[in-house]
Amino acid sequence: MTAADRDPGLQPERTRLAWRRTTLTATVVALLAGRQVLHSGANPAALVAVALSALAWLGFLLVAHRRVSVLGVARPEQFAPRGALTAALCTVALAVFAAAMLF
C-alpha cells in the first residue's frame, strides 16, 4: 500500500476538532485569568501578566487557526516543527503567566 492509496478516514477531522477544543480551552483560561485579576484588585504585575497572557493566547490562536485551515483538505500537510514549537511555547507561557498572577 502506497501513500497515495492511504485513506485518511476521519483522522484529520478528529485532529481539527481537537485543535478547536484546545483553542476554546485556552480562551476560557485567558478570560478567567483576566476576570481573576479584575476581581482581586489589579496591581501592575498582575496587569502585565494578563497582557502577556493575551499575547500568548493570540499566538496560540494564530497557530491553531493555520493548522485547522490546513486540515480541511483530504491530504493535509504535516505540522511544521516551528508551528508545534510555537504552540507549545504559548501553552507554557499561559501557564507561567497564570501562576504569576496568583502571587
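I began with a definition: a residue is buried when its relative accessible area is under 20%, exposed when over 50%, and partly exposed in between, with a 1.4 Å probe and protein chains only. I noted that this is a predicted model, in which local features need pLDDT of at least 70 and side-chain atom pairs count only at pLDDT 80 or more, while totals for chains, interfaces and linings use all residues. Residues are numbered from 1 along each chain as its sequence is written, and side-chain values use heavy atoms, with hydrogens and water left out.

**Helix H1**

H1 has 29 residues and reaches 42 Å from its first C-alpha to its last, close to the 42 Å expected at 1.5 Å a residue, where the expected span is 1.5 Å times one less than the number of residues. Its buried residues are Pro-12, Arg-16, Trp-19, Thr-23, Ala-26, Ala-33, Gly-34 and Val-37. After H1 I found Gly-41, with a positive phi near 95 degrees.

**Salt bridge**

I searched the whole structure for salt bridges (a side-chain nitrogen of Lys or Arg within 4 Å of a carboxyl oxygen of Asp or Glu), and one was found. Glu-13 pairs with Arg-16 in a salt bridge whose closest N and O atoms are 2.3 Å apart. Both residues lie in helix H1, three residues apart, which is about one turn of the helix. Glu-13 counts as partly exposed because its relative accessibility is 30%.

**Cores**

Next I looked for nonpolar cores, meaning sets of buried Ala, Val, Leu, Ile, Met, Phe, Trp, Tyr and Cys residues joined through side-chain atoms within 4.5 Å. The largest has 13 residues, and Trp-19, Ala-56, Phe-60 and Ala-87 have the most contacts inside it. H1 (11-39), H2 and H3 (81-102) each supply at least two residues of this core. A second, separate core of five residues includes Ala-33, Val-37, Ala-46 and Met-101. Leaving aside residues up to four places away in sequence, I saw that Ala-87 touches Trp-19, Phe-60 and Val-63, contact meaning heavy atoms within 4.5 Å.

**Leu-61 and Ala-74**

I placed Leu-61 in helix H2, which covers residues 44-70, and it counts as partly exposed because its relative accessibility is 30%. Ala-74 lies in the loop between H2 and H3, and at 57% relative accessibility this residue counts as exposed. I also noted that the C-alpha atoms of Ala-74 and Leu-94, 20 residues apart along the chain, are separated by 33 Å.

Note on methods
Helices (H or I, at least four residues) and strands (E, at least two) are DSSP runs, numbered from the N terminus.
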